Amino acid sequence: MFRFAHPEYLYLLLALPVLAVFFLYVERKRKTAMQSIASQALLERLAASASRGKRTVKFFLLMIASASLIVALA
C-alpha cells in the first residue's frame, strides 16, 4: 500500500475534464471558422493533408501525460 505525500494535488485532476470540454469547443469553433471562409469542396482540396485524428490523438496523449504528472506530484 502506498500513500500520497501531497494528496491535495489530486484535485488538479478535476481540471482535465474542463480541458477536454475546451478542446471540443475549440474544434467546433475551428470548423465553423473554416466553413465561413471557403466552400466545403475547396476546403477538402486545400486541407487534404490536415488530419483531425492526429490532433485528437495528440490531445489525448497530452491529457494522459498531464494526469500522470499530477499523480507523480501527489
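1. Basis. The model is predicted, and local features need pLDDT of at least 70, side-chain atom pairs count only at pLDDT 80 or more, and totals for chains, interfaces and linings use all residues. Residues are numbered from 1 along each chain as its sequence is written, and side-chain values use heavy atoms, with hydrogens and water left out.

2. Confidence. The mean pLDDT (the predictor's confidence in each residue, from 0 to 100) of the protein chain is 89, and 100% of the residues score at least 70. Helices here are DSSP runs of H or I with at least four residues, numbered from the N terminus. Helix α3 (residues 52–73) has the highest mean, 93, whereas helix α2 (residues 40–46) has the lowest, 78.

3. Edge-to-face pair. There are 3 aromatic pairs in the structure. Rings of Phe, Tyr and Trp (its six-membered ring) pair if their centres lie within 6.5 Å; planes under 30 degrees apart count as stacked, over 60 as edge-to-face and the rest as tilted. Phe-2 and Phe-4 form an edge-to-face pair, because their ring centres lie 5.6 Å apart with planes at 90°.

4. Stacked pair. The rings of Phe-23 and Phe-59 are stacked, because their centres are 4.1 Å apart and their planes at 5°. This pair links distant parts of the chain, since Phe-23 lies in helix α1 (residues 15–37) and Phe-59 in helix α3, 36 residues apart. Phe-23 and Phe-59 are both buried (under 20% relative accessible area).

5. Cluster. Phe-23, Phe-59 and Phe-60 are joined into a cluster by ring pairs.

Conventions. Helix = DSSP H or I, 4+ residues; strand = E, 2+ residues; numbered from the N terminus. Buried < 20%, exposed > 50% of the residue type's maximum accessible area, 1.4 Å probe, protein only.
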